[in-house]
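Biologist: I am new to this one and would like a walk through it. Could you put the sequence and the model up before we start?

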Amino acid sequence: MRRTVTHDIGGSRKASPDSVFQTLSLYRCLKSMRNPRGLLRTLDAEFRLLSWRAGNSAAVFEIMTDDGRHLMLKCYIRPKRNLAAIYGERFRPQELYVFGDGSGGTYTDVVVDEWIEGATLAEHMADAAKTGDSARIARLAAAFDDMARSMLADECAHGDLKPENIVVTEDMQLRLIDFDAAYVPSLRGCRCEEIGTEAWQHPSRTYDDFDRHLDDYPIALISTTLHALAAEPEIFLRHADADGSVIEPHEASTGGSEALACIENLFARKCMPVQYRIATLLRSHAYRLPQLAEYMSYGADRFAVCKGRIPEPDAAYGLWGYKLDDKFVVPPLFDDCMPVRSGRAEVVLGGIRHEITLG
């Protein structure tokens, strides 16, 4: 699979002013990029144009330089004030000269970065779910959780985290793209310019919310979706909308999401306590999820082997797990835990009883 690139830039019969602006802007950028000699201020103009697509604020070009570098040039058709702080040396202000309607034109800002080859996580999710490929989704879920743990430990945030902004490479590594809405510490105290895609963001988020926790909610939402589809791929066919989102954030945060209730029940039935607790965070009334990093740190649902010793049930923050030597060997994730008998114990998750092995 390859990342989708749009070459057809014709507008619809009833094109909106924004779509007309984007189409004209892409045509003008494309005209410059097809013959860039003398139109670039600092970049080497010796390259081959491979593909292009238009977004709301920029035109993205895939190029191959004469020395074999595979690069992305993102040419901004709308100015953005935070690009220098976000991209550092990858940002080239007033780099490309773009022709206007008449004989004049203007210079546009450009971001230069490596081109990441692959299909998006959104495309993989849809394809794997429709073909019932649970194994592929499970690999993607594990890879996403690994990436998410690193993101939660960082002082920065992507700001528009969604499956369309994650590219899956040929060796199934996940790579983030499109950092235009990112938060970095040097922007502390500023307002954000974008608040992300509605289908993957908490509905309470505003332009004044700009900190390292911007990705909390979409991380919980994407992780929950991937683990649910790995367990039951047909959920995608029953609940996914046009954006590929299975759980609608506004419905989840107000307690009215049938899809979230279905997924919570699925995780409870299959005794997946980490995924169950992360899913319940989607009911939060705020975009910050303070417990998320701890839940994500527990990793896969593997229960400790206690080597003949008997752990005792204990509680923290209203949830139950098992302790040895005053340390949780099974994290406090359950509604209730019974004493261990012959290496086995009964636990309750989402109102459903399970027996787990601890010895």
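This is a predicted model: local features need pLDDT of at least 70, side-chain atom pairs count only at pLDDT 80 or more; totals for chains, interfaces and linings use all residues.

Biologist: Which strands form an open sheet, and in what order?

Modeller: Three strands form it, in the order β12-β13-β14, and their pairing is antiparallel. Residues are numbered from 1 along each chain as its sequence is written, and side-chain values use heavy atoms, with hydrogens and water left out.

Biologist: Which are the edge strands there?

Modeller: The edges are β12 and β14, each of which pairs on one side only. Strands here are DSSP runs of E with at least two residues, helices are runs of H or I with at least four, and both are numbered from the N terminus; two strands count as paired if DSSP finds at least two bridges between them.

Biologist: What holds strands of a sheet together in general?

Modeller: Strands of a sheet pair through backbone hydrogen bonds, either parallel or antiparallel.

Biologist: Back to this sheet, then: how many bridges join β12 to β13?

Modeller: Two bridges join β12, residues 336-337, to β13, residues 344-349, and Asp336 stands opposite Val348 of β13. The hairpin of these two strands has six residues between them, and Ser342 in this hairpin takes a positive phi near 55 degrees.

Biologist: And how many between β13 and β14?

Modeller: Six bridges join β13 to β14, which covers residues 352-357. On this side Val348 stands opposite Arg353, and Leu349 has Ile352 as its bridge partner. This hairpin has two residues between its strands, and Gly350 takes a positive phi near 60 degrees.

Biologist: Changing topic, what about helix α5, is that mostly covered or mostly open?

Modeller: Helix α5 is mostly covered, with 15 of its 16 residues buried, where buried means under 20% relative accessible area, exposed means over 50% and partly exposed lies in between, using a 1.4 Å probe and protein chains only. The helix runs over residues 216-231 and reaches 23 Å from its first C-alpha to its last, close to the 22 Å expected at 1.5 Å a residue; that expected span is 1.5 Å times one less than the number of residues.

Biologist: How many salt bridges does the structure hold?

Modeller: It holds 25 salt bridges, each being a side-chain nitrogen of Lys or Arg within 4 Å of a carboxyl oxygen of Asp or Glu. One of them joins the side chains of Glu194 and Lys80 at 2.4 Å, N to O. That pair links distant parts of the chain, 114 residues apart, with Glu194 in the loop between β8 and α5 and Lys80 in the loop between β3 and α2.

Biologist: Are those two buried or exposed?

Modeller: Glu194 is partly exposed at a relative accessible area of 23%, whereas Lys80, at 13%, counts as buried.

Biologist: Which residue does Asp208 meet in a salt bridge?

Modeller: Asp208 meets Arg191 at 2.8 Å, N to O, and both lie in the loop between β8 and α5, 17 residues apart. Asp208 is exposed at 55%, while Arg191 counts as partly exposed at 43%.

Biologist: Which residues are joined into one network?

Modeller: Salt bridges that share partners join Lys74, Asp178 and Asp180 into one network.

Biologist: How many disulfides are there?

Modeller: The count comes to zero, taking a disulfide as a pair of cysteine sulfur atoms within 2.5 Å. Cys262 is in none, and the nearest cysteine sulfur to it, that of Cys271, is 18 Å away.

Biologist: To finish, how many helices and strands are in the chain?

Modeller: There are 10 helices and 14 strands, and buried residues make up 50% of the 359 residues. The C-alpha atoms fill a box of roughly 85 × 40 × 40 Å, taken along the principal axes.
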